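Take a look at the model below and keep it open while you read. We'll walk through some of its loops, strands, surface and side-chain links.

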Amino acid sequence: MNLKTPLIALAIILFSFTVKAQEGIPTYSDYITDNLYLLHPSMAGAANANQIRLTARQQWFDVEDAPSLQTLSVNGRFGEKTGLGLILFNDSNGNFSQSGVFLSFAYHLMFSRSVHDLNQLSFGISAGFIQGKLDDSAFGPDWEGDPANLGITSDTYYNVDVGLSYNFLDFYSHFTVKNILPQEREMFTEELESNNQRRYILSAGYVFGGIDSDWSYEPSLMFQLTDETAEKSLDGNFKVYREMDFGTLWGGISYRRSFDGAEYLDGNEVQNQQLQYITPFLGLNYSNFIFGYTYSYQANSIVFGNSGFHQITLGYDFGGTGEPYDCNCPSVN
């Protein structure tokens, strides 16, 4: 057995543990570029306009087969209290890829005296089918596994996300549970992957600045917890809005840090590092169109590439009530 064999085996193990936490749509920085529905099913139809969002994300341009993600989402209000949504996505990461579709239903309760005074509690559920593919052929004939297993294997499975959102004037909060159903994927063995891919997401924020001001400031936090491994991370975000004659300019910065460290050998010393992302972002609302760009830099000692992660968001708002709420609440206005 040469050195290549144990290295490949180790890569398979590490890769399997990585993708189990990424079942469904990975959680990146989409939500800070006016794409909250992609994370929270309760936001389907929560805004006063119907929304279309298209995103494309590419990591590490200097690394072959680096992770990439494309999503297309549509959501809107049907009637006074019902929201519906649709998400299509394609996610690739080296030899593993997944694509799928989610359908969402949301129910919105308005507690305010009028539609202009925002006080809304929303419940949502998304159900989707996902097809995963694993290409073993790249490991080559030197791999000491079963030669019959070399090739492309695929598996189709389903899962459900549930969540709730609360929007009160300039304050908002969201809580979502991803992948609530235990699922066993046949392409991975039970020794390498648990059937528990459940993940919890909790976020909250507040928008400062009066509705008559040209400037608004939005600090927010997002906490994530993976059920099986107890992995935790926290996003700290700060977003600024500037009203212009032609539309709204917005931008800011996001910082994500994992609470869990990974150990690595640096010479004769064992070092520990936590996952850290620094993400500046910039966007524009022009008429009914939205454009957003984010760049994520991985601030760790050991990284796979130096070119960072690039993501573009394109959006269009249409229909809906067309009447803004009497608050500084960009996510629903």
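Alanine 230 counts as partly exposed, with a relative accessibility of 37%. On the scale used here, buried means under 20% relative accessible area, exposed means over 50%, and partly exposed is in between (1.4 Å probe, protein chains only). You'll find alanine 230 in the loop between β9 and β10. Strands (E, at least two residues) are DSSP runs, numbered from the N terminus. Phi of alanine 230 is near 60°, a positive value in a residue other than glycine.

Leucine 169 also has a positive phi without being glycine, with a value near 50°. Leucine 169 sits in the loop between β6 and β7 (171-178), and at 30% relative accessibility it counts as partly exposed.

## Reading the model

A quick word on what you're looking at: this is a predicted model, where local features need pLDDT of at least 70, side-chain atom pairs count only at pLDDT 80 or more, and totals for chains, interfaces and linings use all residues. Residues are numbered from 1 along each chain as its sequence is written, and side-chain values use heavy atoms, with hydrogens and water left out.

Phe168, Phe171, Tyr206, Phe208, Trp215, Tyr217, Phe238, Ile253, Tyr255, Ile278 and Tyr297 make a nonpolar surface patch of about 1000 Å². Patches are made of residues with over 30% relative accessible area and no salt bridge; nonpolar side chains (Val, Leu, Ile, Met, Phe, Trp, Tyr) are joined within 5 Å, and like charges within 9 Å. Accessible areas come from the Shrake-Rupley method with a 1.4 Å probe, and for residues only the protein chains shown count as cover. Which elements give two or more residues to the nonpolar patch? Those are β9 and β11.

Let's pick out two members. Tyrosine 255 lies in strand β11 and is partly exposed, with a relative accessible area of 32%. Phenylalanine 168 belongs to strand β6 (residues 152-168), and its relative accessible area of 36% makes it partly exposed. If you leave aside neighbours within four places in sequence, phenylalanine 168 is in contact (heavy atoms within 4.5 Å) with Leu118 and Asn119. Phenylalanine 168 and tyrosine 206 are 38 residues apart along the chain, and their C-alpha atoms are separated by 9.7 Å.

Two strands pair if DSSP finds at least two bridges between them. β1 and β14 pair in the antiparallel sense over ten bridges, and phenylalanine 309 in β14 is the bridge partner of glutamine 59. β14 also pairs in the antiparallel sense with strand β13 (residues 289-298), over eight bridges. There, isoleucine 290 has glycine 315 in β14 as its bridge partner.

## Salt bridges

How many salt bridges does the structure hold? There are six, each one a side-chain nitrogen of Lys or Arg within 4 Å of a carboxyl oxygen of Asp or Glu. Aspartate 317 forms one with arginine 53, and their closest N and O atoms are 3.0 Å apart. This pair links distant parts of the chain, 264 residues apart: aspartate 317 is in strand β14 (residues 309-318) and arginine 53 in strand β1 (residues 50-59). Both aspartate 317 and arginine 53 are buried.

Another salt bridge joins aspartate 235 to arginine 256, with the closest N and O atoms 2.7 Å apart. Aspartate 235 lies in strand β10 and arginine 256 in strand β11 (residues 248-266), so the pair ties together parts 21 residues apart in sequence. Aspartate 235 and arginine 256 are both buried. Salt bridges that share partners also join Asp34, Arg53 and Asp317 into one network.

## One disulfide

A disulfide is a covalent bond between the sulfur atoms of two cysteines. Counting pairs of cysteine sulfur atoms within 2.5 Å gives one disulfide. It joins cysteine 327 to cysteine 329, with an S to S distance of 2.0 Å. The torsion about the S-S bond of cysteine 327 and cysteine 329 is about 65°, so the disulfide is right-handed. Are these cysteines buried or exposed? Both cysteine 327 and cysteine 329 are buried.

How values were computed. Helix = DSSP H or I, 4+ residues; strand = E, 2+ residues; numbered from the N terminus.
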